[in-house]
Structures are given as structure tokens and as C-alpha cells.
Amino acid sequence: MSNPFVQIVEPLDPKEPLKKFFNLTKLEDARYAHLPFSIRVLLEAAIRNCDEFLVKKADVENILNWKVVQHKNVEVPFKPARVILQDFTGVPAVVDFAAMRDAVKKLGGDPEKINPICPADLVIDHSIQVDFNRRSDSLQKNQDLEFERNKERFEFLKWGSQAFKNMRIIPPGSGIIHQVNLEYLARVVMDQDGYYYPDSVVGTDSHTTMIDGLGVLGWGVGGIEAEAVMLGQPISMVLPEVVGYKLLGNPQPLVTSTDIVLTITKHLRQVGVVGKFVEFFGPGVAQLSIADRATIANMCPEYGATAAYFPVDDISIGYLIQTGRDKEKVMCTKKYLEAVGMLRDFKNSSQDPDFTQVVELDLHTVVPCCSGPKRPQDKVAVSDMKKDFETCLGAKQGFKGFQIAPDRHNSITKFNFEGSDFELAHGSVVIAAITSCTNTSNPSVMLGAGLLAKKAVEAGLTVKPYIKTSLSPGSGVVTYYLRESGVMSYLSQLGFDVVGYGCMKCIGNSGPLPEPVVEAITQGDLVAVGVLSGNRNFEGRVHPNTRANYLASPPLVIAYAIAGTIRIDFEKEPLGINASGKKIFLKDIWPTRNEIQAVERQFVIPGMFKEVYQKIETVNKSWNALNAPSDKLYTWDPKSTYIKSPPFFDGLTLALQTPKTIEDAYVLLSFGDSVTTDHISPAGNIARNSPAARYLASRGLTPREFNSYGSRRGNDAVMARGTFANIRLVNKFIDKQGPQTVHFPSGETLDVFDAAERYKQAGHPLIVLAGKEYGAGSSRDWAAKGPFLLGVKAVLAESYERIHRSNLVGMGVIPLQYLPGEDAGTLGLTGRERYTIIIPEKLKPQMKIQIKLDTGKTFHAIMRFDTDVELTYFHNGGILNYMIRKMAS
């Protein structure tokens with residue numbers, strides 16, 4: 001099938017090795033040229049797949065007339081060029097694929113049709129934990145323990161890499177998925193079947209947006225949606241509004257990219273960009289390196305946008321060369337982008353697109369800052385940190401409050417650690433971690449941290465031995481340039497030894513704190529602090545014993561570790577006093593921008609990237625030694641507590657089941673605002689008194705063998721029991737934090753899983769009530785799969801974060817949204833009512849439906865199926881059921 005809206009254009013210079021490429025309309029079409037670049041990439045991807053999904057001419061004309069388009073009326077299919085996965089979301093995806101093969105075979109189809117069509121790269125980066133630190137062999141010991149704990153999972157993934165075509169596994173110990181994508185996997189321009197076209201990607205991790213900093217349009221999706229994409233299904237999406245974010249000026253000398261992104265995160269949360277694209281432009285962009293841009297794009301989920309796009313410019317091209325990409329391919333990339341008008345000059349305002357909305361930031365106004373104590377968007381200037389924390393101590397329990405009685409603000413608990421006496425107080429730092437793809441991908445902040453460590457050691461400063469310090473780079477390249485530049489030894493002297501190549505503390509794989517520290521925190525009921533260079537600090541995520549967690553740049557992580565407390569004013573108070581009695585202030589050891597840039601120019605070179613990445617798939621000897629079965633159908637082990645065939649496809653038939661009205665549903669949980677996927681499906685440690693722990697103990701496991709929820713996402717029995725199991729869960733039915741709820745028929749307070757089981761046994765459907773930003777945070781599909789298995793048929797919320805809403809749709813759980821201006825309070829809902837949700841026979845996107853209560857009250861809500869394709873998934877009982885029927889028939 002041909003598409004009349006695609007032109008095949010010859011190379012501008014036939015002598016150059018440039019192949020034919022797709023273009024939406026004539027190159028000289030001014031309307032097309034002034035579209036936001038992110039939309040142009042989106043449309044190129046849709047048009048490229050015209051054989052499967054035509055874009056209507058009327059829609060194209062609407063898009064070209066950008067200012068008058070009604071976004072909600074234009075639906076575009078997007079078929080990304082690539083999919084990337086990490087192991088916490090990748091394992092359940094491969095489990096689903098294996099189960100889908102079984103289901104297709106049962107329905108009479110060819111099971112090998114369940115196979116990735118587009119390239120899929122799975123990077124194992126979420127399994128390693130910080131069990132060992134502050135010792136030279138920490139890296140090896142943590143990696144050995146990672147393999148001991150996760151051998152079964154790794155064997156399963158190795159089976160998947162052999163059983164499925166187009167699936168490549170990057171072994172553990174290689175780095176963090178997004179940094180590996182930035183430095184190695186990303187193409188920027190795809191070269192396939194005789195054509196060039198823009199690289200694009202979706203990933204099963206919300207921080208997939210990091211690659212937008214290099215000019216590759218990408219964003220995170222749930223594992224369920226990614227599986228469908230891998231099987232050839234386009235993502236159907238409403239054409240998003242594009243907010244233009246104009247950057248002006250130059251950053252101040254002491255400001256890091258972390259400070260810039262934390263400022264942007266707070267700003268865009270205030271602007272409101274959920275479900276929108278953000279595209280950066282203006283002369284200030286030219287002042288940012290690709291690593292700086294990637295840092296800003298990485299935290300896109302924290303400000304709620306779908307994508308945070310930086311069009312390709314000459315700095316992007318230079319980065320490709322710096323990171324060791326093939327020069328001839330890079331030059332072809334540049335020529336293609338020039339030919340289609342997609343190579344940007346940010347200093348040329350005539351190239352600025354027409355945006356739906358424009359907001360500005362003068363980079364010169366950015367000041368050093370952190371974010372916390374419980375959310376990434378709660379930015380605090382470093383100069384205000386001491387005062388802000390002390391205000392939070394006494395404030396009412398909430399995002400900025402701990403409700404500590406005034407007479408206890410200066411409480412001190414003494415303890416002994418390794419033969420020496422120490423004191424802990426509110427605000428004491430007990431975790432300091434240089435971690436996450438957000439910052440470890442940026443040589444300027446990593447070398448800045450190294451130079452600060454060097455000056456600190458030379459000035460005679462140290463870090464208290466009980467503080468759990470760690471350095472987990474996003475790739476081996478980081479260790480390479482830290483070592484070659486001579487700063488690695490100084491980082492080690494302060495306790496920041498390399499503990500592993502993975503997400504680690506950023507996702508809660510923090511490992512245990514020293515027992516005397518835990519006892520002191522518990523005894524004093526202290527608000528202990530974690531400081532990390534990560535991207536998320538939601539409650540209960542980093543560590544159960546750190547109630548306050550702050551995001552900060554790597555140099556500031558070291559500074560707060562040296563200070564030992566968050567209650568310090570760096571301007572007026574010294575970091576410490578050396579052996580000579582001299583007071584050392586932060587300004588005395590903070591490296592200048594010129595110092596950092598000089599070291600970066602000398603030591604961050606293409607040869608490093610080539611050397612590290614040419615052996616990335618074979619360097620891990622433990623991975624190479626794994627034996628995996630070669631069968632195309634997976635042989636499930638009924639004794640396994642890691643890998644289990646999920647029940648999602650039990651009883652599936654080719655015939656569709658008509659969706660039915662949900663009658664007399666009980667409310668399982670009632671929430672306020674900003675309930676995250678960490679609250680819904682935690683990734684960290686399995687509490688010993690939890691339903692999941694009881695299940696594992698019944699299978700003969702000891703607490704030492706429990707591992708984490710994230711590592712057990714291939715087992716639905718564990719994950720269903722881990723749903724709503726976060727120790728910081730705030731349920732309005734309960735007067736304290738914890739993973740419990742009220743079982744209304746009996747009036748008993750039970751663990752959430754146990755209550756849901758009772759409802760299920762009695763045949764009662766369930767719903768969840770929530771406030772704004774329901775499902776913020778990580779893209780984890782188990783935040784939708786888990787509630788589905790508990791019997792939750794619908795969620796009624798004031799608003800949703802994009803990925804989680806999509807995951808609910810993918811599992812056939814109905815996302816309902818209050819009408820504008822309404823919420824549980826205005827409607828007088830207590831959550832103790834029973835809800836009947838009327839499902840009409842004929843459905844259309846975003847239609848209003850009626851909800852009846854057993855009290856006699858009736859109100860309306862919006863059914864958040866946003867496209868016709870999403871309604872198709874709903875009629876099939878979910879996206880995977882749809883794909884199975886499609887493949888089987």
C-alpha cells in the first residue's frame with residue numbers, strides 16, 4: 001500500500017553516501033518547517049509505517065495548520081524505531097511473552113508469532129544492591145551477591161535473548177539503561193532498508209526521556225504497552241500540545257546541571273505539562289552540553305511531561321563523535337538532518353517553531369539547590385536548606401512536614417559504631433549516594449565531585465564512618481575518566497568507592513544501614529536524611545529509615561556527607577575543622593567551572609567510549625557462564641519463586657466478552673494527592689511482616705533470601721501480595737501510615753492484600769479513590785497489574801500521570817476522572833459507599849458515564865479511554881489479550 005503523503009526525496013548531493021529518505025511534505029513547505037521538531041519526528045515515525053496505519057490527509061492538514069488544530073480531535077499512530085527495557089520491567093515483559101506464546105498455541109495459532117518485530121535492547125541494571133561499601137572490593141562483592149540472588153532471573157532473561165529474535169541483552173555490570181542508550185545504543189538517525197529516518201524509542205522505564213537530550217524522540221511507557229509495540233502494534237496517541245521552553249542567558253559559575261534541572265522541574269510542575277511535550281529552544285540551549293541537556297530531559301517524568309525534547313544541533317553531532325560513534329555514519333546523519341531541515345541553530349531565532357505555549361527561563365537566575373524532603377518538585381535553594389528543614393520538622397505531616405513536637409527538634413541520640421561514640425539528631429545524614437543516570441552521565445558534575453573530593457582530602461576533611469556512602473556510575477566510562485584524571489583515589493578516601501554499575505540507591509536498592517545507626521534512629525524517632533544525586537525521593541523509596549531524602553548534585557552529595565547534617569548554612573558554617581584546627585568552608589574546596597572543563601577536555605575522549613562499549617556484551621564472565629534452555633516455549637518450574645506463568649490469559653477465548661456494568665463495588669483504598677507507583681507497587685525490600693514475606697516463608701525461604709519486590713516481578717503471587725505494600729502508604733480509612741485498609745463487611749483492619757482476598761472470595765468488585773497526579777513516578781506495569789489481580793475494576797481520580805493511566809488501560813482497569821471542579825470532597829464521598837459504574841453498550845473516547853451509590857446519590861465521571869484504539873483494548877480485556885487474539889487469528 002502506498003501513501004500519497006510520503007515523498008521519496010533524492011539526496012541533495014548524489015556523490016555523498018546518503019540514501020533515500022522519507023519526508024512528510026515538500027521540504028520547502030513553510031508550515032511544515034515551523035512545526036515543533038518533536039512533532040515532526042512523531043509524524044515521520046507515523047508516516048514511515050504507512051503500510052500498517054495511514055495518517056489521514058485531513059489530519060496532516062490540521063497538523064500543518066498548527067495554530068488552529070484541536071489537539072483532542074487529531075489522533076496519530078506512533079511506531080517507534082526501537083524499544084529499550086531494564087530488568088525490573090524486562091523480566092515481567094519476557095514472562096508475558098512466554099505466557100502469550102502458550103496462549104496463542106492453545107488458541108491454535110503459531111506461538112513464534114509472539115516475537116519482537118522492532119529492535120529491543122534490555123539492559124540489566126536494577127538488580128544490584130549496595131550491600132557492601134567503603135571497601136576496595138565492594139564492587140566485586142556486590143556483583144557476586146547480585147548473581148547469587150538473581151541467577152534464576154538471569155537464566156530466564158538469557159533464555160529470552162535466545163528464544164526471541166531482535167532482543168539483545170546487555171549483561172549486568174555494564175551500566176544504567178539510559179546512560180548506555182545515550183552513550184552507545186542511540187542512532188539519532190536510523191539507516192534501514194535503504195532509507196534514513198529519525199531514530200525514536202520507547203522504553204519500559206519512565207526516564208527513557210533522557211535520550212531526548214540527544215535529539216532522539218523517546219519516552220517511557222508501561223511494560224504492557226511496550227510489549228505490544230515490540231509485537232508491531234503502533235502507539236495510538238492524541239496529538240500532544242507542545243510547550244516551548246525558551247532558555248536564555250548563561251549559568252552562573254557555581255551552578256551545575258543538577259541545579260538547572262531541579263529549577264526546571266519545579267517551574268514546569270507549576271506550569272502544568274502532564275500529557276504534553278516540552279521542547280527546548282532559545283540561545284541558552286547552545287550553552288548546554290549534551291550531558292546537561294540529557295540531565296534535563298531525564299527528569300521529564302518528575303515534571304509530568306511526556307517528552308522533553310532538544311532538537312539536534314552541531315553540539316549533538318560533536319557528542320556522537322566524542323562518544324566514539326563511526327565518523328562516516330555521523331556525517332551521513334548530519335547530512336540527512338540538514339536535508340530535511342531538522343538540524344538546529346539555537347542562536348537563530350528565525351528557526352524557532354510555533355508552539356502552543358511558550359515559557360522562559362534565564363539560566364543566570366538559577367542558584368545552587370536541592371529538592372526534598374519527599375518530592376522532586378519541592379526545590380530548595382542551598383542557602384535556605386537549614387531553615388527549610390527545620391520548618392519541615394514542625395510542620396503538619398505532609399510533603400513538607402514531619403509533625404515533630406517543638407520540644408524534640410533538638411533531640412540527640414548517642415550510639416557507638418566500630419568502637420567510637422557518635423551522635424545522631426534530626427537532619428543527620430546517614431546515606432550519601434552519587435548515583436543514577438540523571439547525573440552520572442554528566443562528566444562535568446562527576447569530575448566536579450572528584451575535584452571537590454581531592455580538595456577536601458587535601459584540606460584534611462573526612463566523612464564520618466557510619467554514613468553509608470557510595471558511588472554507582474551509569475557506565476564503565478565514568479570510572480575510566482575518574483581514574484585517568486586522578487580523582488578516583490580521593491573519592492575512595494571519603495568513602496565513595498565504586499559499589500556497582502546500576503541504579504542502586506536511586507531505586508531503593510540501598511542495602512542495610514549499620515545496625516547501631518538503625519537503633520539510634522528508631523530509639524530517638526529521628527528524621528534521618530539521605531542525600532543522593534538521583535531523580536526521585538518519594539517516601540519509602542530510598543530507605544525505610546530515611547524519612548527525609550534530598551536530591552542534589554554529586555558535589556553537594558559529598559559536601560553534605562562531610563558536614564554530616566542537612567542543618568548547615570554553607571555560607572556561615574564550616575564543613576569541618578581539620579587537624580590543624582582550621583575551619584574549612586564549602587567555598588574553599590568548590591572547583592571552578594574552568595577547572596572542571598579543563599579536566600573534561602583532557603580526559604573524556606572517544607577512545608574511552610570505544611574501549612568500554614566494544615566488549616560490553618561479553619565482559620561479564622558470570623553472565624557468559626550461565627546456561628539457559630533453548631526451547632522456544634518456556635518450561636515453567638512450579639517450585640520457582642521468581643518466574644511464574646501469570647494468570648492474565650487463563651480462560652481466554654477468541655470471542656470477545658462484552659464489558660459489563662460494575663455493580664455494588666466496595667472501595668479498597670481512599671487516597672489523597674500524589675500517590676506514586678512506589679506507593680502502589682514498591683520496588684524495594686520486602687518487610688518481614690508483609691503478606692509477600694509470609695508467602696515466601698511458606699515456600700521455605702528465609703528473610704535473607706527474600707530479595708526485593710523489584711527482583712520478583714516475574715512472580716505474580718509475590719507481586720499481588722506486594723501491591724499497596726509501601727510502609728508510607730496513607731489511606732484515609734486508617735489513622736496512621738501503613739499498608740492496611742478496612743474490610744467494610746467485617747469492620748476489620750487488614751493488610752491490603754488480605755482485605756482484597758476476602759472481597760474476592762465473596763464476589764465483590766473493588767475500586768480505588770484518589771486525588772491529583774495518581775500514579776506519578778516510575779513506569780512500572782505492576783502498579784496496574786497488581787490492582788487488577790486484587791480485583792480492582794476501576795480507579796476514580798482527579799487526575800492521572802500519563803504512563804500509569806496507559807498501564808491501567810493496558811490491563812483493562814477503567815481510569816475514571818472526576819468532572820472539572822469536582823472531587824471526593826465536593827461530592828461528599830467518604831469511600832464507605834458502594835459504587836455502581838454504568839458501562840454503556842456504545843462507548844466513545846473520553847465519554848461521561850454515570851456512577852450510582854447505594855446511598856441513592858448519582859454523579860458523572862469521565863471515562864479516560866482517550867482514543868478509539870484504547871477502547872478496542874478495553875473491549876478485549878486489555879492490550880495483551882488483544883495481541884493474543886490478533887496473533888492467534
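Q: Where in this predicted model is alanine 628 found?
A: Alanine 628 is found in the loop that runs between helix 23 (621-624) and strand 26 (662-670). The model is a predicted one.

Q: Why does alanine 628 count as partly exposed?
A: The relative accessibility of alanine 628 is 22%. A residue is buried under 20% and exposed over 50%, with partly exposed in between; alanine 628 therefore counts as partly exposed.

Q: Which residues does alanine 628 touch, not counting those up to four places away in sequence?
A: Alanine 628 touches Glu155, Lys158, Trp159 and Gln162, where contact means heavy atoms within 4.5 Å.

Q: What makes strand 6 and strand 10 stand at the edges?
A: The open sheet has five strands in the order 6-5-4-9-10, with parallel pairing. Strand 6 (167-170) and strand 10 (217-220) each have a single partner strand, so one side of each is left without a neighbour in the sheet. From one strand to the next, the twist averages 20°.

Q: How do you know that strand 4 and strand 9 pair?
A: Pairing requires at least two bridges between two strands, and three bridges join strand 4 (residues 82-86) to strand 9 (residues 200-203). The two strands run parallel, and valine 83 has valine 202 in strand 9 as its bridge partner.

Q: Which strands does helix 7 lie across?
A: Helix 7 (residues 223-230) lies across strand 4, strand 5 (120-123), strand 6 and strand 9, and runs at about 140° to strand 4.

Q: Why is helix 15 called roughly parallel to helix 19?
A: The axes of helix 15 (residues 443-458) and helix 19 (residues 554-563) come within 7 Å and cross at roughly 30°. Angles under 35 degrees count as roughly parallel, so helix 15 is roughly parallel to helix 19. Helix 15 contributes Val445, Met446, Gly448, Ala449, Leu452, Ala453 and Ala456 to the contact, and helix 19 contributes Pro554, Pro555, Ile558 and Ile562. These residues divide into 10 nonpolar, one polar and no charged.

Q: What makes the protein chain as compact as a globular protein of its length?
A: The chain comprises 32 helices and 34 strands. Its radius of gyration is 26 Å, close to the 29 Å that the globule rule gives for 889 residues, so the chain is as compact as a globular protein of that length. Buried residues make up 64% of the 889 residues.

How values were computed
Residues are numbered from 1 along each chain as its sequence is written. This is a predicted model: local features need pLDDT of at least 70, side-chain atom pairs count only at pLDDT 80 or more; totals for chains, interfaces and linings use all residues. Side-chain values use heavy atoms; hydrogens and water are left out. Helices (H or I, at least four residues) and strands (E, at least two) are DSSP runs, numbered from the N terminus. Buried means under 20% relative accessible area, exposed over 50%, partly exposed in between (1.4 Å probe, protein chains only). Axes are lines fitted to C-alpha atoms, for helices over the stretch in contact, and angles run from 0 to 180 degrees between N-to-C directions. Angles under 35 degrees count as roughly parallel, over 145 as roughly antiparallel, 65 to 115 as roughly perpendicular and the rest as oblique. Ala, Val, Leu, Ile, Met, Phe, Trp, Tyr, Cys and Pro count as nonpolar, Asp, Glu, Lys and Arg as charged, and the others, Gly among them, as polar. The radius of gyration is taken over C-alpha atoms; the globule rule is 2.2 Å times the number of residues to the power 0.38.
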